[in-house]
Every structure is written in C-alpha cells, then in structure tokens.
Amino acid sequence: MRTDLPNEAARQRRPTSKKMSAAIVRIAVLIFEVGRRCRAASFGGNIAKIAVLISLAVLAFSLANVRTATNDWFADGVAEYRTGQFADAAEAFENAAVVRPAAGTFVNLGLAEWQRGHAGPAILSWERARWIDPFDKSARENLNFARQVTQLDEPQLKWFETLSIWLPPAAWLWLAGASLWLAVGMILLPPVVRRQKAGWHQSLAACGLCVFLFSLAANWGVVSRTNLGFVLENNAPLLLTPTRDGEMISTLTPGESAREIRTLGDFYLIRTESQTGWVKREQFGLVSRE
Amino acid sequence: MEMVVTGKIQMRFVHCLISIIVALAAAPSLRAQVSPHVTADQAAKLQVPQPVVDISSPVTVTAAFDPPTAGVGQSVYYRVAIDGAGEAAVRWPGSISTPRELKFGPVTQGQLMEFLGNSFRPLASFLYEVKPAAAGHFTVPGFMVMVDGQPVQIPAATVDVDPSVSGPPPRRLMLEVSATNVFLGQPLRARVLLPASPQNQIEALREVEFNGAGFMSDLSTVRQTVEMTGINGRSVPAYIYEITLTPIETGPSMLSAQAFAAGHEFFGTTITARVSIQGGPPHYVFLDSNPVQVNVRPLPAGQPASFNGSIGTFTLTAPKLSTNRIQVGEPVRLTVAVRGTFDRLVPPAPPNASDWEIVPDNPPDFSFTLIPLSDTVRQTPAIPFSTFDPSNSSYVDLTIPSLPVAVTSEALPTEMPAVVDAGTAQGPPLKLGALSPSPGRSAAGLVPPQLRGGFVCLQIVPILAILGLWQWDRHRRFLEAHPEIVRRREARRVLRREKRRLRDATRRGDAAAIVRHAANAMKIASAPRYAAHPQALVCSDVLNHLDDADRSGAAGETVRKIFAAADTRFAAAPQMQADLAALQPDLDAVLLKLEEQL
C-alpha cells in the first residue's frame, strides 16, 4: 500500500523545480560574469567557458530530475494498474500529469478511472490526451468506446474548432508565428540583403500569409475550445442558481460535454446541448484547465 | 292477409313479453355496487371492550394505626385509604390535628387502580410514620378532606401505647442499594424487599416508586422475584423488586421506596422460594421503606471529547471486520467485544468521515455497519470512545482503531459486442485500449500557449532581428557614401597594431624593427588623407600631414630621421640605436599627433 507523496506534494514539486532552475540560472550568470571579469583582467578566458558548461550541466541535471520524477509516478501507476490497484494507479498517473502533462499519462489515467467505474473522469482524461496530442490513436479509440458504452455524443464543435484539432495547440501558434515572419521576411529581406525581388520571394510571402490566415482560424478554435468541459460525477445536479440548495433543473450524465460560460465561487455556469445552469466545480472538469 | 297481420302483432307481443320476463329475472343479479356490509357480530368482534374507571361509586375511607397497639418509641403507621378517588382528586391538608404525644413524620402518598373484573377503581393512600412519645390511648380525630370538590369525612383512628407491649414492628419495605457513594451518571441497583409474613405468606408489590430527588429509574431493568434472602442474619423468603437507578444530580440524597402490598398479584415474577400465597381478593396496603442516603459525586474534570457517559471498568477486544475486501457501497460490519464490569455502557457515536457512511447497530450491540463511499479509502475510520473508570476515578481512552481494507469500485465494461452495420457487415468489437507504455508527447501545461503572454513576448525577437537588419543596412549604406570613415577606422586599427609592434621592438632594443614599425605607423596614420595605400607614401607625404610649425620643428626632424634611418637601415646600426633611443619621446609625440588627425 502506498504511503509516499500525496497528490498535493506532487503539485508542489513543479514550482520547487522551477525555483531550483531559476536559482541555477542565476548562479550560472554569476559564474559567467566572474569569468568575464577575470578575462578582462587577463586572468584567462577559459573560466567563462567552464562556468557556462557547468551551468548548462546543472540545468540539464535539474531538468532530467523533473523528468525522472514524472517517470517515477508513471512507472508506479503502470505497476499499480497491472496489479489491479486502480485507485492507486489513478493517483500515481494524476501526480505524473501534474508534474508533466503528457498524452500517454492521460490515456493511462483515463483507463484507471474507467476501471474504477468513473466514466466522467475517464472521458475527461482521454480528451486531455487528445488535447495534448491529437494524433494519439489510443485516446481516440478509448473515447469512441466510452461513448458507445455510455451512449453519449461527441461534443458539437464549430468549423474552426474542428480545424484546431488537426494539430496540437502549440503547433498552431508556432505555425502562425513562423508563417507570419516568413511572409514579412520575404517582403522585407531581399532589399536589405541587396537581392532583386524574385518571383519565388513573392510566392513564399503569399504562401506565408495564406498559412498565417489559416492558422489564425485554428488558433481561434483552440481558444474557443478552452471552455469545453465534461461532467465528472454521476447524476450531477444542474442548478438554477449558484447556491448549495439551489433548485435543480436536471441531472447530468458523467462524461456529458458542456461549455463553461462563467465562474462564480464554487460554481460553473455551463451550457449543455439543451439547457443552461450552474454546476459545482468538483462535478465539472475543463479540458484545458489544470 | 288479416291473418298475417294478426300473426305479426302476436309475434311482437310475445317478444315484448319475453323481454320483460328476462329483465325481471336478471334484476336480482344486476345490483349496483354498494359499500361492504359489516354484520353486527363482525363489528362486535372488531370492538375490544375496555373496562371503565369507576368514579361514580361512593367514596369509602378507612383510617387506622398499624399496629393499633404499640410500645413507647416504637414506630407505628397512621394509614388513610380513600377507595374510589385518585391521588390527584384528594386535597390532603398540609397538617392534621394529632395528639401531642404522637410524633408524626412526613406524609407519603400513593395510588393504584384496583381491577374489579369489569372496571377499575382508584385507591389513594396516605401514610404517616408515627412515634409515640408517651403511653396512653390516643385518638386522631376525624377530619374533612375535599375529594373531587366534595367533602369526605376521614374517620377517627385510635392507638394504644402501652410500655409493656413489645410486639413485632409494623410491616414495611426494605430498601437496599448496590452503592451509596457513586459518581454522577453511574447507575446503581436498588432492591425493594417485602419479607414474607411469619406464616411464610408472601405478597406481591404494585406501584413501586422511589422518593428522592435526582434519580432516574430505568423501567426496562425491572426484575421481580420471590427468593430466599438474608434479613437480619436469617434466610427468609421475600418478594424482591429490583431496578436500576441513575443519579442525575450531585450531592447527598435520601432515597426511599413506597409500594402497595398486592396479595397474590404476581405478574412477571419469578418465584424460586417455597412460600405460601394468600388466596382471596387482594387487600391493598400502602407501605414505605426506610430511607437510604446516597452520596453522588460529580465526574472529575478533564473529560475527553470522546467520552459519552460510559462508566465502568472496560476493556475492548480487537475490532473485527466481516471482510476486508469490499466494493464501494458494500456494507461491512465492524464488531468489538466489551469485557469487564460496566455500570453504564453507551456505544460510541459514529464519527463524521467523508469517505464512509457509518451506521451504529442497535444498542446495546457494540458494532457498526460501515459503507465505503470511495475506492480511495485504505482503512476504516477510527471511532473515538472514552469511558470513566470509577474504581480509579479516571477516564480511559478506548478508541476503536482503524483497520486496513481494500476497497474496489464496480468497473465499467471493457468490451462491447460487435456492432452490426446495415444488417450485413459486422464491425470489429469495440474494446478498451491497453496501457500506454510511455508518457508520450508532453506539454508545459494544459492551458494553451494562445492564452499565455509568453509567445507574444517571443515575437519581439523577429521584430528586433528585422530592425537590426534594417539598421545594419542603413549603416552600411552610410559607410558606402563615406569611405574615408572606413579608411580611418581601418587605419586606426592597423595603427594600434603597429604601435604595439613598435613597443615590442623598443623593449627588445631591435633598432631595425623600431625604424620599420615607426615608419609604417606614420605612413598608416597619414594614408587616409590621401586615400592611398600606406606603403605608397614617402617622408614628404607624412610631413605634409603635419602643420608648418611641426614640420619645421622637432616633429618634422623626427619624421625625417625615421625615414632616413628606414632608408639606410642596413648601415651604422649602433649609432642609429643611440639616436633612436633619444628620439623615442619625439616619436611618440609625432604618432600621437598623427593619430589625433585620424
């Protein structure tokens, strides 16, 4: 039986490693500055190079440490899952996801939650896996299976949201940035480098602008999808008012999709396929919110 | 034709007649729905006759001393029985007129309902313990009391007090308690005894009550027996009424008992002694007991929060679970056995646990039904429980510890049957996927970079790069328009190198190198003005670079000497070295002037 770090401790681990990395960078800068002054004082120029190398090594070590911690939780989760300890497995995968959100971790977390009989958290985990990696076949198949079992429909997406699923959210942003600056570069750089503007320069600029406009729609789709969430608990009440004893409009099915409209205290105002109401925070999970 | 018409009319008449007969015959069986009828005998069976309380018969009163003859100082009872009135209906006077020689104690009163076969009749009784202080024949005169608003005469009663009489004491109850020094809330056992008469006749007790403030009786603990018991060193049969009393007030308290001797009315009594029971209708006699002082102490301070009033010397056995592998929502029974002697045992209240629903079993069972609400629980909740041990006047923590359990959830299906598409083709069965062997593609967080400011800040880099390129191109164009700036910058750079070489040569004392580097330095410093290669310049070019005063002065002389030495550097080297050493300050001044003009 597990008695080590609870979930909260795992949450605290990432800020600690961030602080550690920041401290290491500061030390590296300090060492580099000392080396530069030594070089100015003709004590030799190799000190700065050594300092930079040491700093990079320590930084790499700290990053590797974070990665090792993630892998520890992940390996624990796999081991617990294989022994049938699904609650422990889910806890371990959740900790791994807190330290480093990864598609495989969310897929496994969804499996553990499904085995525990928690359809809502399972569907949310697989949606998160697809959010990180839209090409993850396992997450897609598990979602199809879960929706077949629970008789739930996929969330209704607008065209630009469907477009945004083609690539990971970050990829769309990088694509937009790269295409924009490619177009700008193709327009501005030939005169700067004293080259005659060629046809291929203009073609590249046009392509870049087209891709940029295309990716703008996808980026808007990514932003629009951030309010998409899923019901976590069975028979979660949809309330008329954001109060504990609010009048119940209806009950929600675990795994049912809804859109967050706004937040008030411990309640989300959500819109399902057919109605709008308030639901408690712990009963509703957003895909893109930690 | 007439015959045919007549036949038709006859047929119609016959049809009508048959219809009427059929309707009349069916009428009894076609009754409408009526309410169920209950016959008188059925109603009588449903009614249970209740005896009435007889308050209409005339009230009869008796007053007498028990015994009618007593010795001086011997207790006697003055007993008034009002048959036909309840205790509440009698307005008994606060004091009655009595002879001075008779010392009356406080009044004790009680009532019962006599069952007369088909009715109840109330009987109220008033009792005084009297101690005669002197011999004589004393009479308590009759007096009036109000019963149900009507005056009723209490007859006079007489007692003969004779010093020579030493008869048996009057019949009274005996009260025994299990402890006379108890803590608040610590139950004690009280026994009310009515010994058998000298003829070994035993009587039952009815309407047993206890007088004394601060005690709570538990009627569920009543036990009535007729058994042999020791009284004044002798084993005699007695009717025993036992009950548990719980003190609810602290301090000394006088406790006494009262009851009616009820003849052979032994209801729920266990008889184990050989006794004779009086026959005939019961004669109800109101009795009381001697008082017993009970000292009730408060519980010591520092009660633990988990103390719920249990008092005694307890030990708990290790708790046992019916099973330790359960599913969410499946009840499991936690049992604990209690050992020891306990005066009062109250099972602990179940604690509030978010992951468990805890239902205590019916007291006095010391067990709980636990229902896990989540599969994350790993152990049962600890159930706080503390008791008070009166033997050492201290609280004892007997918290029921947690027990490890394995809770699982009811899993959802992991495989679906094959789906039939369009009635012909059969799709592959849907299955839950396998575990991912590695974390796979990761992200810095679930919040997309589109909602973070970092990426926007990152766009400053290409903007700066483009601005830098633009600035570089502008600068390059400026230098192309002003080549002298480039020449001067190059000249300054090369001049610094030559001056360094010159210093090295001077340090070494290498005259030829000094001359060569000094001449080169001067040429380099003068070259930008002519837009010519430095090696193309001669002494006059350098001199032209100086102003008139310098040209004719020491600077010009130094330049000439340097260039002359450079031209003849292969001759008279020693002498030149001495001259050059003397020229060094002037040479530095010339180079400084030339450099300033760059």
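User: How do you know which features may be described at all?
Analyst: The model is predicted, and local features need pLDDT of at least 70, side-chain atom pairs pLDDT 80 or more, while totals for chains, interfaces and linings use all residues. Residues are numbered from 1 along each chain as its sequence is written, and chains are lettered from A and ligands numbered from 1 in the order in which they are written.

User: Why are α5(B) and α6(B) called roughly antiparallel?
Analyst: Axes are lines fitted to C-alpha atoms, for helices over the stretch in contact, and angles run from 0 to 180 degrees between N-to-C directions. Helix α5 (residues 483–508) and helix α6 (residues 511–530) of chain B pack at about 165°, axes 8 Å apart. Under 35 degrees is roughly parallel, over 145 roughly antiparallel, 65 to 115 roughly perpendicular, and the rest oblique. The pair is therefore roughly antiparallel.

User: What makes the crossing of α5(B) and α6(B) left-handed?
Analyst: The term applies if the near helix is turned anticlockwise from the far one by less than a right angle; clockwise would be right-handed. α5(B) passes α6(B) in the left-handed way. The contact includes Leu495(B) and Leu502(B) of α5(B), with Ile514(B) and Ile524(B) among the residues of α6(B).

User: How are the residues of that contact in chain B classed?
Analyst: Ala, Val, Leu, Ile, Met, Phe, Trp, Tyr, Cys and Pro count as nonpolar, Asp, Glu, Lys and Arg as charged, and the others, Gly among them, as polar. The contact of α5(B) with α6(B) has 13 nonpolar, 3 polar and 6 charged residues.

User: Why is α5(A) called roughly antiparallel to α6(A)?
Analyst: Their axes come within 9 Å and cross at roughly 150°. That angle makes α5(A) roughly antiparallel to α6(A). The crossing is left-handed. Trp126(A) of α5(A) and Leu143(A) of α6(A) are among the contact residues.

User: How do you know which residues of chain A are in contact with chain B?
Analyst: Two residues are in contact if their C-beta atoms, placed from the backbone, lie within 7 Å. By that test 48 residues of chain A meet 35 residues of chain B. Helices supplying at least two residues each to the chain A side include α2 (46–82) and α9 (199–225). That side has 26 nonpolar, 14 polar and 8 charged residues.

User: What makes β25 and β29 of chain B edge strands?
Analyst: Strands pair if DSSP finds at least two bridges between them. The open sheet runs β25-β27-β30-β29 with antiparallel pairing. β25 (320–321) and β29 (356–360) each pair on one side only. Inside that order, 4 bridges join β27 to β30, and Arg333(B) stands opposite Thr369(B).

User: How do you know that β14 and β18 of chain B pair?
Analyst: The two antiparallel strands share 8 bridges. Arg189(B) has Thr244(B) as its bridge partner.
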